[in-house]
Amino acid sequence: MTIQAAVRRTVRLSIVVATVGLVLMALPAQAAPVGWSDPAPVSWQEVVLVFVVGPLVLGGATVLLASLPSLIRGAQDAPAVTELEPVESNLDAILGGHEEPAALESGD
């Protein structure tokens, strides 16, 4: 038997042992403890109300509260940008005012 075959056999065996262990650990969770009531099943309307309508209402309320200040103030347009002027920097003085970098000369 090669090492690869031994590794495969060990992995398969460990998967089986882990699966059986998880099933055996979950079995006690199936029974309700003594003294607990058996709750009534939940209708599909309650599920839709809790998992669909509730989050939509909360999301809408959040959007409304976030946009409320701008709704109260009214929509104000941002100032228009006409044209940007070039900014002088100290880098131009260091480079000697060259717009483009000089081409490298060959070492011939």
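The accessible surface of the protein is about 10,900 Å², and 67% of it belongs to carbon and sulfur atoms; areas are computed by the Shrake-Rupley method with a 1.4 Å probe, and for residues only the protein chains shown count as cover. This is a predicted model, in which local features need pLDDT of at least 70, side-chain atom pairs count only at pLDDT 80 or more, and totals for chains, interfaces and linings use all residues. Residues are numbered from 1 along each chain as its sequence is written, and side-chain values use heavy atoms, leaving out hydrogens and water.

**Helices**
- The protein has three helices and zero strands, taken as DSSP runs numbered from the N terminus (helices: H or I, at least four residues; strands: E, at least two).
- From the N terminus on, the order of elements is α-α-α.

**Helix H2**
- The 30 residues of H2 should span 44 Å at 1.5 Å a residue, and its end C-alpha atoms lie 43 Å apart, which agrees; the expected span is 1.5 Å times one less than the number of residues.
- H2 has a kink of about 45° at Ser67, shortly before the proline Pro69; the bend is the angle between axes fitted to the seven residues ending at a residue and the seven starting there.

- Of the 108 residues in the protein, 0% are buried (buried: under 20% relative accessible area; exposed: over 50%; partly exposed: in between; 1.4 Å probe, protein chains only).
- Val53 is found in H2, which covers residues 44–73.
- Val53 counts as partly exposed because its relative accessibility is 35%.
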